Amino acid sequence: MNIRPARVSDVPGIHELVGVFAEKKLMIRRTMAELYESITEFCVAVDDDNHVVGCAALHVFWEDLSEIRCLAVAEQLQGIGLGRRLVDWCWDRARALEVKSVFALTNSVDFFSRCGYRVIEKSELPQGIWNECVRCPAFPECKETALIRVHEPEAILRAAGSRYAAAPV
Ligand SMILES: CC(C)(COP(=O)(O)OP(=O)(O)OC[C@H]1O[C@@H](n2cnc3c(N)ncnc32)[C@H](O)[C@@H]1OP(=O)(O)O)[C@@H](O)C(=O)NCCC(=O)NCCS
């Protein structure tokens, strides 16, 4: 299974995959137009026939904040490490863009913890990130948890006064 940046020809496959989980109220549904417009944010996992079996997107909010969105792995291929590889792709992409942190809002807390993310209070995230929430099937009863991973050593973030630094131990 190959992980690579998404192409416009992947959009129908991403749309179908996200649709499966949107139907189960696990994800926000995306229109084809939205996917084309944000295709540069996406990576995909593809099988030997170049069929999309996984996807994830990195959305940048600010110089020190980005979000993993649209993370999904086809049900029959879950549990073999594809989700982690997609999350790691987003992390590497954030590093390449010099964005200092990546967060996720998710019900898959254990999965993200296994991928190196730590739980933070949702109130620690800036107001601007909540615009999409009105489209969530769970809105306004959000039960998702916020998790974050930061690039810079925590001490540097704390010294810089970043809100994303963990409290000193
Ligand atoms: C969440 C999801 C992307 C995980 O993908 P996956 O390919 O099954 O995950 P991986 O095989 O890469 O698992 C990585 C690690 O997380 C663990 N893990 C995966 N799903 C888990 C779960 N639900 N609970 C606990 N641990 C989990 C795995 O055991 C593995 O642990 P390891 O450190 O021992 O290797 C996938 O289950 C999915 O697509 N879910 C439906 C869509 C969804 O809910 N998306 C929203 C996510 S924000």
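**A guided conversation**

Guide: L147 is a buried residue, with a relative accessible area of 0%. Please note that the model is a predicted one.

Visitor: Where is the place of L147?

Guide: L147 belongs to strand 7.

Visitor: How far apart are L147 and T106 in space?

Guide: Their C-alpha atoms are 7.9 Å apart, although L147 and T106 are 41 residues apart in sequence.

Visitor: Stepping back, how many helices and strands does the protein chain have?

Guide: The protein chain has five helices and seven strands. Read from the N terminus on, the elements follow the order β-α-α-β-β-β-α-β-α-β-β-α.

Visitor: And what percentage of the residues count as buried?

Guide: The figure is 44% of the 169 residues of the protein chain.

Visitor: Now the ligand. How many residues surround the ligand, and which are the closest?

Guide: The ligand is surrounded by 17 residues, and the closest are V73, G79, G81, G83 and R84.

Visitor: Which polar backbone atoms are at 2.8 Å from an oxygen atom of the ligand?

Guide: One belongs to V73, with a ligand oxygen 2.8 Å from a polar backbone atom of that residue. G79 likewise has a polar backbone atom 2.8 Å from an oxygen atom of the ligand.

Visitor: What about the side chain of R114?

Guide: An N or O atom in the side chain of R114 lies 2.9 Å from an oxygen atom of the ligand.

Visitor: How much of the ligand does the protein bury?

Guide: The protein buries 70% of the 920 Å² that the ligand exposes when taken alone.

Visitor: Which elements give two or more residues to the shell around the ligand?

Guide: They are strand 4 (65-73), helix 3 (82-97) and helix 4 (109-114). Helix 4 provides the largest share of the shell, with four residues.

Visitor: What is the make-up of that shell by class?

Guide: The shell around the ligand has eight nonpolar residues, six polar residues and three charged residues.

Visitor: What can be said of the space taken by the ligand?

Guide: That space is the largest pocket.

Visitor: Changing topic, I would like to discuss backbone angles. What is the phi of N50?

Guide: N50 has a positive phi of about 65°, although N50 is not a glycine. The residue lies in the loop between strand 2 (42-46) and strand 3 (52-62). With 39% relative accessibility, N50 counts as partly exposed.

Visitor: And what is the phi of E98?

Guide: The phi of E98 is near 65°, which is a positive value in a residue other than glycine. E98 is found in the loop between helix 3 and strand 5 (101-106).

Visitor: Why does E98 count as exposed?

Guide: E98 counts as exposed because its relative accessible area is 65%, and the term applies over 50%.

Visitor: Next, D10. Is D10 buried or exposed?

Guide: D10 counts as buried, at 3% relative accessibility. Its place is in the loop between strand 1 (2-5) and helix 1 (11-23).

Visitor: Which backbone nitrogen lies 2.7 Å from a polar atom of the side chain of D10?

Guide: It is the backbone nitrogen of R7.

Visitor: How far apart are they in sequence and in space?

Guide: E124 and R163 are 39 residues apart in sequence, and their C-alpha atoms are 7.0 Å apart in space.

Visitor: Are these two buried, partly exposed or exposed?

Guide: E124 is partly exposed, with a relative accessible area of 29%. R163 is partly exposed as well, with a relative accessible area of 49%.

Terms used:
Residues numbered from 1 in each chain as written. Predicted model: local features only at pLDDT ≥ 70, side-chain atom pairs only at ≥ 80, totals over all residues. Heavy atoms only, no water. Near = heavy atom within 4 Å. Polar contact = N/O pair within 3.5 Å; in protein donor to acceptor, adjacent residues only side chain to side chain. Areas by Shrake-Rupley, 256 points an atom, 1.4 Å probe, with all protein chains shown as cover. 1 Å grid on protein atoms, 1.4 Å probe; cavity = no way out; pocket = protein on both sides within 12 Å on 5 of 7 lines; lining within 4 Å. Sits in = over half its atoms within 2 Å of the grid points. Nonpolar A, V, L, I, M, F, W, Y, C, P; charged D, E, K, R; others polar. Buried < 20%, exposed > 50% of the residue type's maximum accessible area, 1.4 Å probe, protein only.
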